[in-house]
Amino acid sequence: MTTALKRYGLGALAIAVTIVVFIIPLAFMALTAVKDRREAAKLDFSWPTTFNFLENFQDVLSARKFMLVTAFINSTILTVVSVTILVVLAAMVAWILQRRRSRWNGVANFLILSGLIIPPAVVPTIWVLQSMGLFKTLPGLILIEVAFGLSFCVMLFRAFIASIPKELDEAAVIDGCGPVRLFFRVIFPLLRSVIITVIVVQSVHIFNDFQNPLYFLPGDANATVQLTLFNFQSQFTTSYNLLFMNILLITIPPFIMYLFFNRQIVAGMTAGAVKG
Amino acid sequence: MTVNTAPTVSAARPRQAVAPKRRKGKSAYPYWFYLPAAVVYTALFLIPTFASFFFSFTRWTLTDFTFIGLDNFVQFFQEPALLKGLTNTFIYGAVTSVLKVVLGMLLAVLLTSQIIARGYLRSVIFFPVLLSSIGVGIVFTILMDPSKGMINKALEVIGIEGPAWLVDPAWALVSVALVDVWKGVGLATVIYIAGIVSIPAEYFEAAKMDGASSFKSFFNITLPLARPATATVIILSLIGGLRSFDLIWAMTKGGPGFTSDVIASVIFKQYQAGFYGLSTAGNVVLFLIVTAIILPLSMFLNRKEVEQ
């Protein structure tokens, strides 16, 4: 009797609380996004009298000379390129770090830890980028995302590589495989599951990144999606429907990721919680 | 967001029996594999970090600098606006991590017990982790509007007069911290769930057999054995909380006045104003605070773990 009460009672209570705390704000966002301007301005939680999804959608896209479209293209390039580079570079580092014991290991471990903890120094980074001619360019920002993401990715890869038997490498070497072929043809394919985790976690992270584009890629022409949102915030104070439509649109990519890769995301983000 | 902590790094891995056979210059694990990553990391992370220590002692225009000694730091600790940012950083970090630890633990215990709709609850609590901070910030800025906002309207219905949230200097920082918890508690929860699930079920059965209440088994089994999870949650949320910028910038921009400024937003404001030296000094202060808190704390949390 008490267990049934606990099972259903607590469950029902939890459902009710999550609806109030999580579902209503999200629903508010979605509903406001499809209202017309006058109705959205009331900022209340009500069912829209008219659905203006397409209109709002078009208005948001065409605002400020299709800035959101440019931003989506920029963000996509940023995310895809930097995640690709991250996966390859981090896997290479992790593989050597895990397999070859040397005096460099201590240094490398220290640097990885530093990368996880130390907040990046902003203005000096701009100074370095400027001297390389990469400040305010997309390639510059891509390299920044790679540099700041390396530590985390190396860590995930290394833990996984430890579970791949070393005999495999040795067999390949005996068969005359050079290091490059050994890595890209033998090891890399074996990393598939951890690669998916890294890709999913990092792409959500980089797509949602606001601070780095704000510092290292200012200017409307280069805006990423998070920056458009921030720029629209002041411009759309009178048309909340468009502001919320914008939020809704940039929420969709992470949401799709979550639907398909729920398990990998959780696995990647909880790595380290359980001591093996 | 996605940083991790010491435990995994130091996690013991089966030691390889012998070093790879060294045919001169022909190891199967060449060092140049480090090179591309090392170049990017050094150029864009290590050099700026070291340079920040130097430039924090200067008045700096990016092309030119004059050495001014400790002036930047003195200014940082004397000017009320900047000092407020410093104390707020501590408050923000403490409030968010404590709430995430407590709520995350409670939710995880709830979600690992036999209640209905666990899948739904887990998904809905975790989902905000993946949302953009700016989007969440804007939505909650509107929900927290003192007169028109839904939160205060709802409180009014049940007879409570809600605070002015983001416009009230006394509440602004706490309001942002609460939104941060709303967004981040899902991560703490899944970390705790992973920790609790790894505790052998026999312990709970044995305790139950001996007549321990669920209260007792929580404090004597779950809490101590989920320690690695607690360590991860505390360290993750402290690292995130101390450097937090996005949410604060989206919701208050440090206002009203400078009452909700944190170091990260001070750094940005000084950068915008062209005080590059002062901004960099802010970075150095943040660096020192984060390492001074995180290093001893992670050492402490991991040491306890070894003793068990």
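Helices here are DSSP runs of H or I with at least four residues, strands are runs of E with at least two, and both are numbered from the N terminus. On that count, chain B comes to 14 helices and two strands.

A word on bookkeeping. This is a predicted model, in which local features need pLDDT of at least 70 and side-chain atom pairs count only at pLDDT 80 or more, while totals for chains, interfaces and linings use all residues. Residues are numbered from 1 along each chain as its sequence is written, and chains are lettered from A and ligands numbered from 1 in the order in which they are written.

**Confidence**

The model scores ipTM 0.88 and pTM 0.87. Going by pLDDT (the predictor's confidence in each residue, from 0 to 100), chain B has a mean of 85, with 90% of its residues at 70 or more. A contact means two residues whose C-beta atoms, placed from the backbone, lie within 7 Å.

**Where the chains meet**

Chain B puts 82 residues into the contact and chain A puts in 80. On the chain B side, helix H2 (residues 35-55) supplies the largest share, 13 residues. By class, that side has 58 nonpolar, 19 polar and five charged residues. Nonpolar covers Ala, Val, Leu, Ile, Met, Phe, Trp, Tyr, Cys and Pro; charged covers Asp, Glu, Lys and Arg; the others, Gly among them, are polar.

Two helix pairs across the contact are set out below. Axes are lines fitted to C-alpha atoms, for helices over the stretch in contact, and angles run from 0 to 180 degrees between N-to-C directions.

| Helix pair | Axes come within | Crossing angle |
|---|---|---|
| H6(A) (residues 138-161) and H2(B) | 9 Å | roughly 100° |
| H11(A) (residues 225-235) and H6(B) (residues 133-143) | 9 Å | roughly 25° |

That makes H11(A) roughly parallel to H6(B), whereas H6(A) and H2(B) are roughly perpendicular to each other. The cut-offs are under 35 degrees for roughly parallel, over 145 for roughly antiparallel, 65 to 115 for roughly perpendicular, and oblique for the rest.

In the H6(A) and H2(B) pair, residues including Leu143(A), Ile144(A) and Phe148(A) meet a set that includes Val40(B), Tyr41(B) and Phe45(B). This contact has 11 nonpolar, no polar and no charged residues. In the other pair, Gln226(A), Leu229(A), Phe230(A) and Gln233(A) meet Ile134(B), Gly135(B) and Ile138(B), and the residues there divide into four nonpolar, three polar and no charged.

**Inside the chains**

Leaving aside neighbours within four places in sequence, Ser244(B) touches Tyr92(B), Asp180(B), Val262(B) and Ala264(B).

Over in chain A, Gly178(A) sits in the loop between H7 (166-174) and H8 (179-190), and is exposed, with 12 other C-beta atoms within 10 Å. Helix H9(A), by contrast, has 13 of its 16 residues buried, so it is largely enclosed by the rest of the structure.

Conventions. A residue is buried if 20 or more other C-beta atoms lie within 10 Å of its own, exposed if 12 or fewer, and partly exposed in between; C-beta atoms are placed from the backbone.
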